[in-house]
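Trainee: Could we go through this model together? I'd like to begin with a pocket and then move on to the rest of the chain.

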Amino acid sequence: GEGGAAKPPVFDENTLFYPVVEAYALSQTTSGSKDVDAVVESTDKEGLFAPCMVGQLEGQFLKMFAKSTKASRVLDVGTFTGYSALSFAEGIAAGGKVVTLESDAKIAGVAKSLFDGSAQKEKIELVVGDAKGAMRKLLEDNEQFDIVFLDADKENYVTYYDLTMEGLLAPGGVILADNSLCSLVYTEGDERRQKLHDFNEHVRKDARVEQVVLTVREGITLIQPLA
């Protein structure tokens, strides 16, 4: 149906997929490198919230997306323990750069040690602090990126999107917004459910772009400015 509803529709499941589908898809997907496997291990060992990780199905998608678009610069908004940053780094050419932003110093410390021990160390720059401030600084410095991956606090997606559209995207660049279908899978009453729906509507109403919502994991929206 048409967009425009004030609220997301009721959806009683906590995942978009039947378990068999996701497990089968994963079993047929290229396995992660030892660097991304180390992220999974560390996240577990540190007792951090594993669902915040993109996981191999999505990680492989991000790697191959970066590779196939020949991206050389990626902005990763919301590092967590580094799975997405490493996946992007593996997909971009030598000499490329992933700038990754994380607000939580403890989590950033875990990511930093994983980056430092990885084959992608030279390609990754970790910035610790408020993402909005970091993005404004990148704008001031006229930095531009082929891919901007939004995966930080869902309440601020609209702000991150607007900042990206102010000039952080290189010509032909793409925004990937992760968890865009959590507007369905988060439980009723969770504020993030409404915030993500508001974000989805904000993008849908933006005449400057075209977009597609992919049903990968918890939803990834590909957004590209019109030529």
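Trainee: How much space lies in the second largest pocket?

Mentor: About 370 Å³ of space lies there. A pocket here is an open set of points on a 1 Å grid over the protein atoms alone, where a 1.4 Å probe fits, with protein on both sides within 12 Å along at least five of seven lines, and lining residues have an atom within 4 Å of a point. Grid points are joined across faces, edges and corners, and the volume is the space filled by probe spheres set on the points.

Trainee: Which residues are the closest to its centre?

Mentor: Of the 20 lining residues, His197, Asn200, Glu201, Arg204 and Val213 are the closest to the centre of the second largest pocket. Helix H8 (182–185), helix H9 (191–204) and strand S6 (209–214) are the elements that give two or more residues to the lining, and H9 supplies the largest share, 6 residues. Helices (H or I, at least four residues) and strands (E, at least two) are DSSP runs, numbered from the N terminus.

Trainee: What should I keep in mind about the model itself?

Mentor: This is a predicted model, in which local features need pLDDT of at least 70 and side-chain atom pairs count only at pLDDT 80 or more, while totals for chains, interfaces and linings use all residues. Residues are numbered from 1 along each chain as its sequence is written, and side-chain values use heavy atoms, with hydrogens and water left out.

Trainee: Switching to Ile223, is that residue buried or exposed?

Mentor: Ile223, found in strand S7, is buried, because its relative accessible area is 0%; buried means under 20%, exposed over 50% and partly exposed in between, with a 1.4 Å probe and protein chains only.

Trainee: And what does Ile223 touch?

Mentor: Leaving out residues up to four places away in sequence, its contacts include Tyr161, Phe199, Val203 and Val209, where contact means heavy atoms within 4.5 Å. Ile223 and Ala177 are 46 residues apart in sequence, and their C-alpha atoms are 7.9 Å apart in space.

Trainee: Where do the buried residues of H3 pack?

Mentor: They pack against several elements, among them helix H1 (19–27), helix H2 (34–45) and strand S7 (220–225). Leu57, Leu62 and Phe65 are among the buried residues of H3, and H3 is followed by Lys70, whose phi is positive, near 55°.

Trainee: How many helices and strands are in the chain?

Mentor: The chain has 9 helices and 7 strands, and buried residues make up 47% of its 227 residues.
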